[in-house]
Structures are given as structure tokens and as C-alpha cells.
Amino acid sequence: MKEFQEIFLRYHALLQAAVYGSAVLLILIGLYAVLMKKHLVKIVIGLSIIESGVNLLFVAVGYISNHTAPIFSPGYEHAADKMVDPVPQALVLTAIVIGFATTALALSLVIRLYRHHKTANIEQLKSLRW
Amino acid sequence: MVISPIHYIFVPLATAFLIPLLQKLYKDAARVVPGLVLFYNLVISVILFRRVMQHGTVTEIIAGWRPPFGINLIMTPFSATLASLVSFMAFAVWLYGFRFKRVLKGGEVMYYEILQLMMIAGALGIILTGDLFNLFVFIEITGITAISLVAFYRDRHGAEAGFKYMLLGSLASSFLLLGILLIYTQTGTLNMAQIAQKMPAVDSGVKVIALIFILIALGIEAEMFPLNSWAPDAYSQAPSPTSATFASVLAVAALYALIRVGYTLFDARMISGFLIVMGFLTMLIAEMAAFSQTDLKRMLAYSSIGQMGLAMVAFGIGNETAIFGALFLMINHAVIKALLFMSGSYFIYNLQTKKMDALNGIHKRLPYVSFLFSLGVLAIIGFPPFSGFWSKLYILYGAANKNMLLLIIGILSITLIEMTYYLRVIGRIYFAKEKSEPASHKPSVNALVAMTALALVIIILGIYPDLISGYLHQAGRFLLDKQAYIQTVLSMR
């Protein structure tokens, strides 16, 4: 456990870069899927990948190195200055719930589109144009 | 019971979830109860509007956490004006749609009413909240309910329009979250007043990036030019009372969010050029697209986008006269466009088609509805003595005060395009040769009452604009006075 903490501290900057980098990468992957993919379900997956990226970014921003979870538990009654920022975590919880609702709604719309058009290719949905 | 701004949001939201239970007790609960709730909202909005206008901003602390901690509701004269407008229009739309849903099958009325109530609660939340993340949550509530309402008719077009809205709406929410995140990392708070206070110290590069993210997100919601491809489909595929609600509730709330973030959180000068250019482009493209439409509801939808563009231009000009004009325009647009959607939907209902070719000579079959529709058309173009005249006049006056001659010429030429396509419809209704078929669906009494009330509002505000101009001036002054907003919120007890 102690060894792990040492390794963690030594490579902290690297880890942080990895977390931020993967969050940005997730957002870019999601944007690519939304803009370039033709299949409706893949587009919905792309949307939820973007959301995960944003959520990861939120948690990473709220993290302070070597601090604990923001819970006042036995042994940690007066440790407010030793805790990570709780606000982004609360926001991410809310954002995850909202993301769940939007993904469910999007998938139900995809099912309905598939029933009407017999295709899930976005290029063949052309009944509404300018 | 003490009346406070929280009732605006809590009562409709709670009732929306209780409706399935009430439906078990009383068969017509889903149709009657929302009306009672919206009437209650109307009553408290009258009381709170008077209180705000006489004694200044009303604030509400939720769960005992004083600002800058916790969420609070802030009712400035600006938001009080819009909240009252939204409450009034929500009630008018309910009254109009009371029998409309008989057309639908029994069980679906309940879903329609629940979604409609939640959308209105969300829009009121956007207008009243003082917390940036809370704003995001309310935008999501309105977004999800609006998407469900667009896809309410289970045909192929409904699902397609819903999916388009969904795609852009989800992107908007992600971008909004990114913008909020950037602001939070720089200021360490989510309270809008405290952000506004700490914003001048923030590095301007980060500020611009955050502003871009937020403008993309709110631009999608407020139907700004390159991001508004969802709007015409959404307006035209939704049930007609919902189209009226989109124009009079959703658009107002989205524009409020854009203006509140732009004016209070950031600086009005930072966004004024952007708003003028984008608003003008929005207007130009939307009115030109409206010109080439053959579908009545799509034409009205494009015209709505154009009006939103004009409001953005007016907020971009940003002096007191132009803001007065913009507020007047928001009221006008809400009332007039709702009237046009309401009366237009009776044409569509009678003709069983949305095509405008079928409108020929319909005034013989539906004389009163045609009269109301033409009244709305004249008002929205801005003929005196209707209310649309004053808003356009004051916006042009505001532009003239800043010597923006090109902008004035632009707005007037776009009005010419608007006039052409609207008067073409009037020409069809009154002067084209009719196909003689008897009217199969006369409008119901409650719909007539709602439409007549809106028409009266248009005429009365057109003849006596002084009835509201004092309040609107006060609201505009408060919007421009950022320090007063910060002080009121942060010194709250």
C-alpha cells in the first residue's frame, strides 16, 4: 500500500496528464462518431462518449493530489482541508443521471425511426428538408 | 401560505408527477388539473410582478444555504417580466388546447399534459434561477420534454424531427457543461452573481473559450443561425398547442438564458458585435427560407427564428432604447406567434393538409379564425396600430442612436421580405378562388376565448403601449445594471 502511494506520488504529474488527455480524447472520439458515422445507434453512442469525457474532465478538475474522498467519517471529522473538492462530484452525479435520460430517449427515437423507415442509416432519412 | 418564486417551479413540477395518480380518481384530471395549476401560476405571477416592480428584486433562498452557497432563485424586474409573460402564455395555450386533445386518443392526453407542464416548469426555472449549474439542469428538463413533445405524434416525421432536435440538444448540453466547467475552474463558484463579481479578474483567453462554448450551447437553444436546423422541423411536427408553446415559452426562456449569461456573467460589450452579426444573419436566412416555404407551419417556424434574430440584434445594440424594444418584441412575438399557430392550426385541421395552396378562399368557411389570423399577420409585420409596430420602431430607434445606418437599412429590407410572404398568405385566404366545401370543424368555445384574448392583448398594447412601457423600461435598466444584481444577491439575508 505504501509502495503504491510512493509510485503514485512519483508519477503524479504523468497520471494527471493521462487523465486529462483521455478526457479530451474521449470528447474528440465522441465528436468524430457524431459527425462522421452514418448509423443512428453509433451516433447515440458517440453522444454518450462525449458526455463521459466531460464527466471525467469534471472529476479530474475537482481532484487535489493526496486528498481523500469528501466524506466526514470517523477519523476524518475535522479533515475538510484534506479532502478533494466535492462540488464537481455532485455535478457529475447530476450530469450522469441527465445523460442516462437523454440516451434512453435517443434510443427510443432510433427504434421508432427504424420501424418507420426500415433503415438506421441517417443518409436515408430525407423526408424533412428545407 | 407565503407566496414566493419557488411556487412557480415546484407546483407545476409536482403536479406533473401527480397527474397519473389523480387520473385514477377522476377521469378528466389530466385535462383539468394543469389548467388549475397554470391559473395559480398566473395569480402568483401577478402578485410577485407587483412586488418586484414596487420593492425591487425578490430573492428566495432554498434549503437555508445563503448565497454564494446553495441554489437561490432571483426575480429581478427583467426576469419577473418574462416569468409573467410565460405564465400568461402557458395558461392561454392550455385554454386553447383544452378540447384540442379530444382529437387524440384517450390515454395520450395524460402524457401530453405532463410533458407540457414539465416544459413550462423548466422554462420558468431557467428564467428564475441564480445558479449556473441549475440553469443547465433546467435547460435539460425543457430540452428532454420538448423533444418528447416533438415526437408526440407517432408518425415518421415526428420521430425524425425529434431525433434532429435530440442530436443538437445533446451537443448543446455537452458544450454547456464544458463552459460551466471552465468558469468553475477559474472562479471556484457556480453562483451567477459571484461569478459576475470574479469574472473581471479571469484571464481573458480562458474567458473567451468559455464564452464560445456557452454561446454554441445557448445558440442552439435560442435558434441562432447555423445551429437552428432543428427548429423548423420541431415547430412543424409538434402538436399545434405545443408549437405555440415553443414560440411563446421555450424561445423566451432560451433567449433569457443567452442574455443573462452574456450580460451578467460576461460583459455586454464582449458579445454585442457577435450578437448583432449572428442575429442579423439569423434573420436574413430565416426570412428568406420562410419566403420559399409551401407548408404553413414551417413558414411560421422560420418566421419565429427570424424574430429571435431580430431580438438578438436588439440585445446586441445594447442601449436602453434597444433593450426596451427587444423586451417588447419578446412579448409581441410570444403573443402574436402563439395566435398565428393557434388560428393556423384550425386551417390545417379543417383542410387536413399543411400546404398553403389549400388555403384558397378559406375565409368563407372560417371567417372569425381568418380574421384573427390576419390580425396576427398584420401585427407581426409591424403595421400600426398593432403592438408589433412599437417593438420594431424602438429597435430601429435604438440602432439610430448608435448611428448604425446599415443595420437599419438591413432590418427594413428584411421586413419587406417578411411582408411579402405574409401578405401572400392573406391574399390566398381572402382573395383567391375557393373550393366550396362546408366547414367540418368549427373552433371550440375555449379555443375562441383564448385566441380572442390574445388578439385583444395585441390591439390594446398597440393602442396603449404605455400600459407596460414603464415596467419594461425598469426591466431593461435592471438588466444593464450588473452591479445591482451582484449586490442584491450577495447581500441576501
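This is a predicted model: local features need pLDDT of at least 70, side-chain atom pairs count only at pLDDT 80 or more; totals for chains, interfaces and linings use all residues.
Residues are numbered from 1 along each chain as its sequence is written, and chains are lettered from A in the order in which they are written.

Chain B comes to 19 helices and 2 strands (DSSP runs, H or I of at least four residues for helices and E of at least two for strands, numbered from the N terminus). Its radius of gyration is 22 Å, close to the 23 Å of the globule rule for 493 residues, so chain B is as compact as a globular protein of that length (taken over C-alpha atoms; the rule is 2.2 Å times the number of residues to the power 0.38).

Now look at where the chains touch: 26 residues from chain B and 26 residues from chain A take part (contact puts C-beta atoms, placed from the backbone, within 7 Å). On the chain B side, helices H5 (132–150) and H6 (156–187) each supply at least two residues, and H6(B) gives the largest share, 16 residues.

Next, find H3 (residues 77–97) and H10 (residues 240–265) of chain B, which pack at about 170° with axes 9 Å apart (axes are lines fitted to C-alpha atoms over the stretch in contact, and angles run from 0 to 180 degrees between N-to-C directions). That makes H3(B) roughly antiparallel to H10(B), a label for angles over 145 degrees. Among the residues that meet are Leu82(B) and Val86(B) in H3(B), and Ala244(B) and Val252(B) in H10(B).

Technical notes: Two residues are in contact if their C-beta atoms, placed from the backbone, lie within 7 Å. Angles under 35 degrees count as roughly parallel, over 145 as roughly antiparallel, 65 to 115 as roughly perpendicular and the rest as oblique.
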